[in-house]
Amino acid sequence: MVDASQGIEAQTLANVYKALELGLAILPVVNKIDLPQAEPELVREEIARVIGIPAERSILASARTGEGVDRILEAVVTALPAPVGDPEAPLRALIFDCKYDAYRGVVVYVRVMDGRLRSGTQIRMMASQGTFTVDEVGIFRPAMAAVEELTAGEVGYLIASIRNVRDSKVGDTITEVARPTKEPLPGYRQVSPMVWAGLFPVDGDDYQGLKEALDRLQLNDAALTFEPETSAALGFGFRCGFLGLLHMEIVQERLEREFQLNLITTAPSVAYQVTLRNGSSVEIDNPDQLPEVGMIETIAEPRVKLEIVVPREHLGGIMELCQERRGEFVQLEYQPPGERALLTYDLPLGEIIHDFYDQLKSRSRGYASMDYQLTGYRAEQLVKLDVLVAGNKVDALSIIVHRQQASNQGRKLVQRLREVIPRQLFEVAIQAAIGGKVIARETVPALRKDVIAKCYGGDISRKRKLLEKQREGKQRMKRVGSVEIPQEAFMAVLSLDR
Amino acid sequence: MIADPGRPLARSLYLHIPFCDTRCPYCDFAIHIGGDHLHQPYVEAVIRELDWLADSRRPQLGLETVYLGGGTPGLLALPLLEQLLAAVEQRFGIAEGAEVTIEANPSGLTEELARSWLALGINRVSLGVQSLDDRALRWLGRNHDSATAEAALRAAAAAGLENLSCDLIYAIPEQPTSVFASGLRRLLSYQPPHVSCYELTVEPSTALARWVTSGRVLGPKEQDFVEQHRLARELLEEAGLLQYEVSNYARPGSESRHNLAYWQGRHYLAAGCGAHGFIDREAAEGLGFSLSPEDVGVRYWNLRNAATYIKQVTVRGHGRRGHEALDHEQRRLELLACGLRLRAGVELSEPRQLVEADRLAHLGLVTIAGNRVAATPRGIEVLDRVTLELAAS
């Protein structure tokens, strides 16, 4: 699917290559052709040149007006291969998603590869080993509609009074108890998280609620990992692993919106491989876990191959961004020649997760797109930057940075924190330190005046309402030691202007 | 939990008289400019509203404080004032020794007028001096100069009006602290027993707010506030006027009993446009408010526009625009917020609040005696935050 006004983006390209590797049929669709700035014919030609599919095979469509949708459906039938599978063979159904329904338990979304699935079938989840009796099967049109039977090649859902979300794992194979298959389906490759962050409830009483919410999300998000974490500053929470920043934002957003949790998210981190002087090595995904400097031989950080598609006029700014982020130039191609550049860099993943995407967009007026793949680890001169607030180290604010950038980053970080930490009843020192040595310091001056010295008449309601509002705002802050720190302070490192 | 000092009956009455000669650019009170012809119908409307208030079918004990605020109630002609006070006396009774206050401007306050007010039973005058610096008075858009203010102070003394309060504004932009100090010293030479000293606040949708936003004038500065607030306290206390509330100073015994009722969380009736009242549950039910079981009292407020107010009172008997029923928690919060403004402070009994108070005491912001917590001079400068810390704990 290509946007008729944007052309092929980096992620689309990456996904096309993956699909080609797997030998999948490709059906190109040019969407949003109703936009005034749409150039459908140019985009068709671009697809022909870059991906090699003849221009006339790209379907022009608009999801908004519905134009071309009939042609897409027709092409799905004629151009894509029909599912293969044997309805008479033992049941093999792939779980590709599921959701939790408070009344009916887990609703399992399945693709039936072989065999048949109907109400009354005794099924077994091959990995989790649970057995259940199917109550209902159905298809999506797109609301759930019960049917008699799902058979090989069909996609639908099943309900079987499954109460525990852990019994239904995305990627697991369902078979029949009476006539099981020998071989489970290969399922999905386990994707591993690349980015970690701590999630802490602002109100400690919400810890259990956060745990249940994460459990619930993991049900159809196998890439999300979490384990309990304790922070001296933030109390009990979870260290969560995400595929990337977007994934992290989605999870955070869902936790707050769907589960009404008030959360503090710490700055995201990548996983570092630390080799110790005694020869052993550890992997850490939380800067605070970094061993004593004296014990460390090397710290290696993950690197990625970063591909960026960018219009030629913005190339300079984007290359500058990559250089600033310790990137090493790999190659530059123009496709089509002279118009858009495909830029490849070798770059530390840790640099990408800190405000890289927003910078990419702002320096290309929104036109650049990116995709990256992990390539390996490389030892670098990395150090842990600690932050002390009113003399106390705030573990949740520690970050790992390159030695050469450490003092600059430390200075900017404390400046940013001075802006976001409101004035308190006493002066608050904010310091950045490396291995106990302070490299930057800022001060939040004490509040001088905060009282309305005025005659209110008898309007006490106004005063009380103001107080109630302030109290609500205060509850969104975390008291660390004796200092109230707002949620955004823990993400301050993300918005450092470098 | 703070002990509830509210008595079963409101013993205070606030009457709002909106008339003014001009609107000062910083003022956001409910006022009405010009139109003497409205005075008579307005006073009649207020009296009708008193009928409605008196209708709470409760035995009346007599009011201990009556406060004529504004606006400029001093502008009301004597016969109208007499009519109004007679109506109050007739419906509620005014207790022996009650405090009856009128707000007045220096312009027009003569010895004769002050004597007439005393004769009507008005025994306290709150005088809008605001400043004794002519430049500052012009900046504030007041229609009097310092000579007029001083003449009014002399007139009040000559009439034998002992219970005099003077309003004074500080942190006026462009006024140096030294000028503020000499004005205050001059005011103190008249030995007023009560001074209300409040900061210039830029209220939204006033002319001042527009000037500040457009950059025509500078807003009040934090530096000036802190300096002048400290200086005022120092000079006033030196003269024997103690800071009994954030903005109010009095010789012991001369505190405003009416304003104390607000801060101590007592009940008070109110009539007139823009007026706010606070009544207990039983009185509220008597007046036809519908309450839920957990409500402990009702705050109500009236229409702000004088003409609209008169119209509504004529039709419905009252000028009410809105009200809110208070539950126990809201009441508790108010008692805390208001009580902390007083020199005497508040009684706290929740352990968490006492722990927080102890932390604030270590920061030099409050003192604790038993369970009673009171703000220190430094604590008063940041009192809203101190209150928030205690309220949120």
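A salt bridge is a side-chain nitrogen of Lys or Arg within 4 Å of a carboxyl oxygen of Asp or Glu. Keep that in mind as you look through these close-ups of a predicted model.

**View 1. Chain B meets chain A through 12 salt bridges.** In this view, 46 residues of chain B are in contact with 31 residues of chain A. The two chains bury about 3800 Å² between them, and 55% of that area lies on carbon and sulfur atoms. On the chain B side, B:Glu222, B:Asp384 and B:Arg385 supply 17% of the buried area, more than any other three residues.

**View 2. B:Glu222 pairs with A:Arg423.** Here you can look at a single salt bridge between the chains: the side chains of B:Glu222 and A:Arg423 meet, with an N to O distance of 2.9 Å. Between chain B and chain A there are also 21 residue pairs in polar contact. Look next for helix H15 of chain B, residues 383-391, which gives the most to the side touching chain A, with eight residues. Sorted by class, that side of chain B has 24 nonpolar, six polar and 16 charged residues.

**View 3. Chain B is divided into two domains, domain 1 (12-262) and domain 2 (345-391).** Their contact takes six residues from domain 1 of chain B and five residues from domain 2 of chain B. The C-alpha centres of these domains lie 30 Å apart. Together the two domains bury about 470 Å² between them, with 64% of it on carbon and sulfur atoms. Within domain 1 of chain B, the residues that lose the most area to domain 2 are B:Arg230, B:Arg233 and B:Val246, together 59% of what that side buries.

**View 4. One salt bridge crosses the interface of domain 1 and domain 2 of chain B.** Its partners are B:Arg230 and B:Glu381, whose closest N and O atoms are 2.7 Å apart. Helix H8 of chain B, residues 222-238, gives the most to the domain 1 side of this contact, with four residues. By class, that side has two nonpolar, two polar and two charged residues.

**View 5. A:Asp215 sits in helix H4 of chain A, residues 207-218.** Is this residue, A:Asp215, buried or exposed? A:Asp215 counts as buried because its relative accessible area is 17%, and buried means under 20%. Leaving aside residues up to four places away in sequence, A:Asp215 touches A:Val165, A:Arg166 and A:Phe226.

Methods. Residues numbered from 1 in each chain as written. Chains lettered and ligands numbered in written order. Predicted model: local features only at pLDDT ≥ 70, side-chain atom pairs only at ≥ 80, totals over all residues. Heavy atoms only, no water. Domains from an automatic or database assignment. Contact = heavy atoms within 4.5 Å. Buried area = accessible area lost by both parts, 1.4 Å probe. Helix = DSSP H or I, 4+ residues; strand = E, 2+ residues; numbered from the N terminus. Nonpolar A, V, L, I, M, F, W, Y, C, P; charged D, E, K, R; others polar. Buried < 20%, exposed > 50% of the residue type's maximum accessible area, 1.4 Å probe, protein only. Polar contact = N/O pair within 3.5 Å; in protein donor to acceptor, adjacent residues only side chain to side chain.
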